[in-house]
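I wanted to get to know this structure piece by piece.

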Amino acid sequence: MNIQKELDYLLKNYWVNKEIDRDMFYQIKSKIKEITEFSFNKLGNKIVVNSSIIKMEKIPNKINGSYSLKELDSLIDYILFMFVLMYLEDKVRNDQFILSNLVSYITDNSGIIEQKNKPNWDLYSHRKSLIKVLKYATTNGLIKVVDDNNLKFTETMESEVLYENLGTSYHFIKRFKEGILDYMNYEDFLNDDIDDITKQQNLRKHYIYKELLYSPVVYFKDEEISKIDYLRNYRSYIENDFSDKFNANLLIFKNMATLSYETSNNPIDFPNSKAITDILMFINYSLTHTHEPNKDDDIILLISEFKLFLADLKEKNDILFSKEYRQMSTEKLYLELIEVYKNYNLVELEDNVIKFRPAITLLTGKYDYEEEENNFSQIELLLED
């Protein structure tokens with residue numbers, strides 16, 4: 001049975017909510033046995049199924065910014081979202097509530113967090129953040145708007161909106177096997193259910209499949225020889241899985257591996273249409289055409305050297321960048337770029353040195369000067385055997 005479309009949806013979305021996408025909900029549910037088999041046996045990811053939602057609990061091998069909720073981009077966003085989930089947990093399905101009651105709840109319970117992170121409704125940015133969070137909750141089927149008087153909470157505290165709880169918030173947060181109060185770091189959360197005997201026996205397999213799906217490229221360090229051996233020994237099985245489920249080809253190099261997708265169904269959504277991705281790929285193109293790699297095929301630069309390189313590239317090509325990035329300082333652009341590079345395993349930072357990994361040669365692009373201003377030329381992934 002072909003489950004490519006359904007797996008792709010579950011990997012790219014937090015869940016499928018019957019209230020939001022009824023057709024996809026039942027389409028996935030009709031193939032849930034095959035989906036669960038692949039998700040649990042190959043990835044170690046559980047599938048949560050009930051009458052309202054279907055969710056793949058996507059537990060990564062390691063944490064970075066690429067696993068964040070894309071619509072929430074600040075600490076206050078996440079703080080307010082957790083308050084919303086706490087508020088909804090005390091309500092039953094179809095309970096209605098008004099915005100001012102939620103605001104009062106957050107204010108009354110904000111004593112549980114540090115003073116510096118407490119919501120302050122006198123700040124426009126905090127009121128705007130709450131509206132963003134409620135929009136996210138609405139879009140993902142946690143709540144729905146029943147009545148909106150069109151007054152904006154960002155402009156006045158007197159604004160009022162009537163919402164209805166859809167009863168799905170309980171399933172949004174992963175349920176842990178044990179209490180989490182004794183957890184000291186994020187590894188404790190990642191390893192919450194790794195003591196399961198079946199998972200212990202399949203750790204290498206789960207690691208390989210997750211890395212291939214969640215990262216543009218997988219690198220294997222010297223101490224991870226068992227993992228690259230597993231990949232090579234079971235290459236034909238792994239190739240068949242990814243070819244069948246994702247229409248992707250497995251490419252293995254000296255100490256790295258990657259998937260080449262024959263269609264646009266790339267679960268990690270990278271490269272994507274964001275302007276920062278265009279700039280990153282242009283930088284990769286420029287770096288690989290102006291700098292010689294070392295014996296390990298890495299390009300090594302001092303951070304100061306890369307900032308000068310970036311400033312020069314920006315000055316000579318800023319007309320090709322969007323207005324936001326034309327006006328952005330080199331330092332701010334550097335910080336944003338490095339975050340993306342790190343999230344997708346394309347660089348390593350060591351003290352004052354940046355190591356650009358060989359995978360940047362697979363993710364290059366250049367602006368088409370013949371096209372209208374700010375248009376990016378067709379991007380090709382330059383794959384070399």
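**Before starting.** I am working with a predicted model.

**Entry 1: a three-stranded sheet.** I began with the strands E4, E5 and E6. In what order do the 3 strands of the open sheet come? I read the order as E4-E6-E5, with antiparallel pairing. From one strand to the next I get an average twist of 30 degrees.

**Entry 2: strand E6 and its partners.** Next I went along E6, residues 161–165. This strand is mostly covered, with 4 of its 5 residues buried. Towards E4 (residues 96–98) I found 3 bridges, and the two strands run antiparallel. Gln96 has Glu164 of E6 as its bridge partner, and Ile98 stands opposite Leu162 in E6. Towards E5 (residues 143–148) there are 5 bridges, again with antiparallel strands. Here Asp147 stands opposite Leu162.

Entry 3: I then asked which strands helix H6 lies across. H6, residues 124–139, lies across E5 and E6. Its direction is at about 115 degrees to E5.

Entry 4: I moved on to E8, residues 248–252. With 4 of its 5 residues buried, E8 is largely enclosed by the rest of the structure. E8 pairs with E9 (residues 256–261) through 5 bridges, and the two run antiparallel. One of the facing pairs is Leu251 with Thr258 in E9. E8 and E9 make a hairpin, and I found 3 residues between them.

**Entry 5: helix H2.** Which residues of H2 (residues 22–29) are buried? I found Met24, Phe25 and Ile28. They lie on the same side of H2, because the arc they cover around the axis is only 105 degrees. I jotted down a reminder that an α-helix has 3.6 residues a turn, so residues three or four places apart point the same way. The cover over the buried residues of H2 includes helix H1 (4–12), strand E1 (16–17), H3 and strand E3 (53–56).

**Entry 6: H3 against H9.** H3 (residues 32–43) packs with H9 (residues 203–214) at an angle of about 110 degrees, and their axes are 7 Å apart. That angle makes the two helices roughly perpendicular. On the H3 side the contact is made by Phe38, Phe40, Asn41, Lys42 and Leu43. On the H9 side I listed Lys205, His206, Tyr209, Lys210 and Leu213. Sorted by class, the contact has 5 nonpolar, 2 polar and 3 charged residues.

**Entry 7: two positive phi values.** Last, I checked the loops on either side of E11. Asn345 has a positive phi of about 65 degrees although it is not a glycine. Asn345 is in the loop between helix H15 (330–343) and strand E11 (347–350). Its relative accessibility is 21%, so it counts as partly exposed. Asp351, also not a glycine, has a positive phi near 55 degrees. Its loop is the one between E11 and strand E12 (353–356). Buried or exposed? Asp351 is exposed, at 78% relative accessible area.

Conventions
Residues numbered from 1 in each chain as written. Predicted model: local features only at pLDDT ≥ 70, side-chain atom pairs only at ≥ 80, totals over all residues. Heavy atoms only, no water. Buried < 20%, exposed > 50% of the residue type's maximum accessible area, 1.4 Å probe, protein only. Pairing = 2+ DSSP bridges. Axes fitted to C-alpha atoms, helices over the stretch in contact; angles between N-to-C directions. Parallel < 35°, antiparallel > 145°, perpendicular 65-115°, else oblique. Contact = heavy atoms within 4.5 Å. Nonpolar A, V, L, I, M, F, W, Y, C, P; charged D, E, K, R; others polar. Arc of directions from axis to C-beta.
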